[in-house]
Amino acid sequence: VAGAPVWCPCPNEVVTTPLFLLGVNPVYIILAVGVGGFIGDVLLYYFGYHLLRKLVKGHHDRLIEVDSWIHNHGRLIYVVSPLLFFGLGDLIMIISGHQGVRISRIAPFLFTGEIIRGVIGIYISMGLIQIPSFL
């Protein structure tokens with residue numbers, strides 16, 4: 001379960017809902033989603049730290065806006081980043097790695113955000129949060 005948010009290109013809810021319906025303890029699901037999401041965030045960070053620095057040597061100016069956005073909003077952005085859609089949270093982690101933000105300073109905030117995401121996933125699975133239908 002913890003590996004699903006890391007390796008599967010799908011939201012955590014795809015994994016949490018069937019497990020919840022099978023009767024798995026919600027606390028275990030939340031912890032698994034939190035750990036898996038955190039591992040995925042750390043891998044993206046190191047991708048940005050090691051690989052993106054080599055690839056984007058001459059295009060540093062393009063990343064300055066994102067870097068200033070991260071610094072303006074502080075560490076709260078790392079709590080919110082797991083909740084962002086369309087890969088924005090992933091982009092924040094990659095840029096953070098590229099800019100050399102210390103992972104030890106943001107790790108507690110990342111893990112908190114992943115736990116919040118897991119809790120929201122459980123509430124969606126329980127039907128307490130309705131997902132709007134756009135059809």
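The largest nonpolar core has 10 residues: V42, Y45, I77, Y78, I92, M93, V101, I103, I106 and L110. Such a core is a set of buried Ala, Val, Leu, Ile, Met, Phe, Trp, Tyr and Cys residues joined through side-chain atoms within 4.5 Å. Buried means under 20% relative accessible area, exposed over 50%, and partly exposed in between (1.4 Å probe, protein chains only). The model is predicted: local features need pLDDT of at least 70, side-chain atom pairs count only at pLDDT 80 or more, and totals for chains, interfaces and linings use all residues. Residues are numbered from 1 along each chain as its sequence is written, and side-chain values use heavy atoms, with hydrogens and water left out.

Helices α3, α5 (76-80), α6 (88-99) and α7 (103-126) each give two or more residues to this core. Helices here are DSSP runs (H or I, at least four residues), numbered from the N terminus. The largest share, three residues, comes from α7. A second, separate core has six residues, including V15, L19, I29 and I30. In soluble globular proteins, nonpolar side chains tend to be buried together.

L110 belongs to the largest core. Neighbours within four places in sequence aside, L110 is in contact (heavy atoms within 4.5 Å) with F38, D41, Y78, S81, P82, M93 and I103. The buried residues of α7 are I103, I106, A107, L110, G113, E114, G118, G121, I122 and S125. The expected span of a helix is 1.5 Å times one less than its number of residues. For the 24 residues of α7 this gives 34 Å, and the end C-alpha atoms are 34 Å apart, which agrees. After α7 comes G127, with a positive phi near 85°.

The structure holds four aromatic pairs. Rings of Phe, Tyr and Trp (its six-membered ring) pair if their centres lie within 6.5 Å; planes under 30 degrees apart count as stacked, over 60 as edge-to-face and the rest as tilted. Y45 and Y46 pair edge-to-face, at 5.1 Å centre to centre and 85° between the planes. Y45 is buried, at 4% relative accessible area, whereas Y46 is partly exposed, at 37%. Y46 also pairs edge-to-face with Y49, at 6.4 Å centre to centre and 85° between the planes. These two tyrosines, Y46 and Y49, lie three residues apart in helix α3 (residues 26-55), so about one helical turn separates them. Y49 is partly exposed, with a relative accessible area of 31%. Together, Y45, Y46 and Y49 form one aromatic cluster.
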